[in-house]
Amino acid sequence: MGSRRQAREAACQILYQMDLREEWDEAHILSFWNLLERQPDRESRKYAEAIVGGVLRERPRLDEQVEKAARNWSLDRMGMIDRNILRAAAWEMTGEPALSPGIVIDEWLDIARDFGSDDSPAFVNGILDRIAQDHKASSRSDA
């Protein structure tokens, strides 16, 4: 498994932990690492922390993007894993530096399959596709 994949899985778990506790605090990042028996490599850890930090800094914007793309779904109605996958993936696609939507979506769909419900991959895919389309459209209009 690649270091980016490990980073994304760790970020998903950290965000889940924060969401579960309703404590959006960077202190949970360190407590997560301290609980692991086997530590990830430095690159994976650094990227996981970048994802989590990006989500923490931009959560209101990301939540707005997710809810807009979710059409008739509020964040509160979404499964906790799904909404944190969506936040993290939206940050990767629209943050700085933005990554290729196709790669980001594929990677997060794999994580949705591994950590989410049976319905998670289709749900996550539909919303991430809309976020990617909305971001592409807004990027063109900004140019």
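The chain exposes about 8,100 Å², and carbon and sulfur atoms supply 46% of that area (Shrake-Rupley method, 1.4 Å probe; for residues, only the protein chains shown count as cover). This is a predicted model: local features need pLDDT of at least 70, side-chain atom pairs count only at pLDDT 80 or more, and totals for chains, interfaces and linings use all residues. Residues are numbered from 1 along each chain as its sequence is written, and side-chain values use heavy atoms, with hydrogens and water left out.

The chain has six helices and zero strands (DSSP runs numbered from the N terminus: H or I of at least four residues for helices, E of at least two for strands). Of its 143 residues, 44% count as buried (under 20% relative accessible area; exposed is over 50%, partly exposed in between; 1.4 Å probe, protein chains only).

Now the aromatic rings. The structure holds two aromatic pairs (Phe, Tyr or Trp rings, the six-membered one for Trp, with centres within 6.5 Å; planes under 30 degrees apart are stacked, over 60 edge-to-face, the rest tilted). Phe32 and Trp33 have ring centres 5.3 Å apart and planes at 65°, so this pair is edge-to-face. Phe32 is buried at 8% relative accessibility. Trp33 is buried too, at 1%.

Trp73 and Phe123 also pair edge-to-face, with 5.0 Å between centres and 65° between planes. This pair links distant parts of the chain, 50 residues apart. Trp73 lies in the loop between helix 3 (42-70) and helix 4 (80-94), Phe123 in helix 6 (residues 120-142). Trp73 is partly exposed, at 33%.

The charged end of Arg77 sits over its ring, 4.1 Å from the centre (NZ of Lys or CZ of Arg within 6 Å of the ring centre and within 35 degrees of the ring normal). Arg59 lies over the face of Trp24, 4.0 Å from the ring centre.
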